Amino acid sequence: MVVFRSKIPDIEIPPIGIFQYVFSNPNNISENKAIFIDYKTDKRLTFAGLKSDSKKFAAGLQDKLNFKRGDVLSILSPNQIDYATVIFGTLVAGGIVSPSNPMSTVKDYTIQLKDSGASVIIVHPLFLSVAINAAKEANIPESKIFLFGDEKINKILPYNSLFGEREAIPIEYTPEEVKTTTAYLCYSSGTTGIPKGVESTHHNMVANVMQILSIEKDAHPEIVYVGVLPFYHIYGLSVLMHFIIVLGASCVVIPKFDFETFCRIIQDYKVGIAHIVPPIILALVKHPKVKEYDFSSLKLVISGAAALSKELSESFYNVHKIKIKQGYGLTETSPVNHLCFTENIVPGSCGILLPNIECKLIDENGQEVGYNTPGELCIRGPNVMKGYLNNKEATDAVFDEDGYFHTGDIALVDENEYFYIVDRVKELIKYKGFQVAPAELEAILISHPSISDAAVIGIYSEEDVTEYPVAYVVTKQQSQHTIEFSGEIRKFVDSQVAPHKKLRGGVIFVDQIPKSASGKILRRKLREIHSTN
Ligand code: AYL
């Protein structure tokens with residue numbers, strides 16, 4: 001068997017829970033250090049304050065809501081400094097955190113509430129009506145919904161009204177429990193179908209922060225990070241929240257990407273490292289106002305969640321003379337598997353394997369391939385999820401008998417052990433780093449009375465460095481193949497989905513959808529058809 005291993009020696013991962021690890025303070029920072037800073041009000045949450053608030057929140061969950069070990073708390077909110085209190089409070093109480101995209105529709109959120117079995121919701125006031133409507137569908141009483149902030153809205157109380165007098169004692173896990181106890185449920189569509197709850201254990205998350213730290217020598221407590229990636233997504237959750245607290249660094253928290261705010265924060269707070277995604281990198285290269293800001297504090301940019309081309313990487317370096325490197329990962333691997341050394345950046349490569357990870361590349365016949373030959377990337381390591389919640393079939397489909405997780409991404413490795421992501425065999429579409437599951441859009445399209453069949457594929461735009469979902473549609477009557485009807489279909493879909501899932505690539509009418517003998521949509525064929533037209 002051809003197995004690739006990291007060039008970095010394996011590290012020892014202590015068998016402890018996330019709370020114990022994240023607050024272990026290995027760099028001996030002052031307890032009064034501001035870890036999270038609000039970008040607008042400059043309000044600060046210190047290391048000690050966060051720890052204490054988390055324990056008070058946990059006490060409230062236990063004493064006032066009878067929240068027990070293994071119970072699930074759902075968060076529906078953009079980034080804000082108190083997000084961490086809710087996360088770590090839930091973990092202190094032995095609970096599981098299920099963070100959702102605040103832009104979720106009522107339908108999306110209802111599905112996640114039901115699937116996760118959440119019993120408590122913490123929501124940002126702007127998204128309260130979505131939470132109330134979804135909670136009703138999922139049979140969660142309004143008395144179990146709480147708001148971020150200090151205000152009460154009708155009968156819904158602020159989350160800090162739960163704070164107890166006492167501080168709860170963080171639940172301790174045995175080494176075995178650390179490996180089997182789920183801490184987070186982030187939703188990912190994986191290789192096929194609709195989003196599924198990814199069960200990330202305490203061990204998965206602790207391991208990945210330590211794996212990243214072993215290669216990320218630029219990270220130290222004096223660095224200020226910019227917190228623009230969403231905390232509900234594993235990228236922001238792991239590298240902005242867990243990583244920063246362990247390191248004892250600071251993070252200026254931004255709720256939503258806005259180009260000028262982002263640039264101003266880098267300048268005013270002297271941000272040293274920015275974790276971002278390719279479309280933001282493109283804006284930093286192309287935006288006419290970029291020159292108006294002072295980026296002299298910024299020493300390193302790390303890109304992840306979607307492909308960063310060699311060309312864009314080089315253009316960024318040429319414009320700013322700031323180092324830029326790439327990582328690769330997935331929700332299912334908590335998340336990072338590959339990262340570049342800052343001393344040895346190879347543009348276009350997603351880096352070398354992190355320690356403790358083994359991987360193999362397999363061709364279409366399931367045979368392992370060696371250097372310089374593309375194959376599906378399969379990963380084994382302490383950061384690989386336990387499985388998909390309530391979905392043994394989907395879990396079994398992504399793990400093979402040797403315990404390797406099949407990513408659905410095609411990669412290639414060169415003799416220097418640098419990896420390149422070259423293609424994707426799974427159904428997933430990535431719009432600006434956000435997941436769009438074709439199956440979800442197809443189900444909506446087929447529910448239209450005039451549509452008999454549909455398939456959705458992602459088409460990459462070089463210009464915008466992102467993929468756009470394009471719908472191939474078969475109508476019941478040929479006469480419906482008009483520009484007006486294509487507009488109607490777009491409206492029909494876009495009005496039912498979260499903003500990042502809109503059919504931005506448009507609608508194309510066809511007489512039939514190419515399918516295999518077993519009825520599977522031949523997406524590769526559709527992509528070929530698309531590229532020749
Ligand atoms: P999910 N190049 C190409 N595709 C990528 C890359 C990359 N560098 N990184 C992620 N992807 C795609 O679960 C790939 O198809 O997590 C993969 O299967 O939303 C999918 O995105 C996973 O999407 C990092 C680097 C966090 C990556 C991440 C993972 C976040 C994406 C931190 O440093």
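## Salt bridges, a sheet and a buried helix

Let's start with a contact between two charged side chains: Glu-177 and Arg-69 make a salt bridge, with their closest N and O atoms 3.2 Å apart. This pair joins distant stretches of the chain, since Glu-177 belongs to helix H6 (residues 175-180) while Arg-69 sits in the loop between H2 and strand S4 (72-76), 108 residues apart. A salt bridge here is a side-chain nitrogen of Lys or Arg within 4 Å of a carboxyl oxygen of Asp or Glu. Helices (H or I, at least four residues) and strands (E, at least two) are DSSP runs, numbered from the N terminus.

Before going on, keep in mind that this is a predicted model, where local features need pLDDT of at least 70 and side-chain atom pairs count only at pLDDT 80 or more, while totals for chains, interfaces and linings use all residues. Residues are numbered from 1 along each chain as its sequence is written, and side-chain values use heavy atoms, with hydrogens and water left out.

How open are the two partners? Glu-177 is partly exposed at a relative accessible area of 26%, and Arg-69 is partly exposed too, at 43%. For these labels, buried means under 20% relative accessible area, exposed over 50%, and partly exposed in between (1.4 Å probe, protein chains only).

Now look at Lys-501 and Asp-108, another salt bridge, with the closest N and O atoms 3.0 Å apart. Lys-501 is in the loop between helix H14 (483-494) and strand S27 (507-509), Asp-108 is in helix H4 (residues 106-116), and the two are 393 residues apart. Lys-501 is buried, at 7% relative accessible area, and Asp-108 counts as buried at 12%.

By the same rule, the count comes to 22 salt bridges. One of them puts Lys-51 and Glu-31 together, with 3.4 Å between the closest N and O atoms. Lys-51 lies in helix H2 (residues 47-65) and Glu-31 in the loop between helix H1 (18-22) and strand S2 (34-38), so the pair ties together parts that are 20 residues apart in sequence. Glu-31 is partly exposed, at 35%. Salt bridges also link Asp-409, Arg-424, Lys-426 and Glu-467 into a network.

Next, the sheet. Five strands form an open sheet in the order S1-S18-S19-S21-S22, with antiparallel pairing. Strand S1 (4-5) and strand S22 (419-424) stand at the edges with a single partner strand each, so one side of each has no neighbour in the sheet. Two strands count as paired if DSSP finds at least two bridges between them. Inside the sheet, strand S19 (residues 375-380) and strand S21 (residues 405-413) run antiparallel and are joined by 4 bridges. Glu-376 stands opposite Ile-410 in S21.

Then there's helix H13 (residues 438-446): 7 of its 9 residues are buried, so the helix is largely enclosed by the rest of the structure.

Finally, a loop residue. Ala-138 is found in the loop between helix H5 (128-137) and strand S7 (145-147). Is Ala-138 buried or exposed? Ala-138 is buried, with a relative accessible area of 17%. Its C-alpha atom is separated by 37 Å from that of Ile-212, 74 residues apart along the chain.
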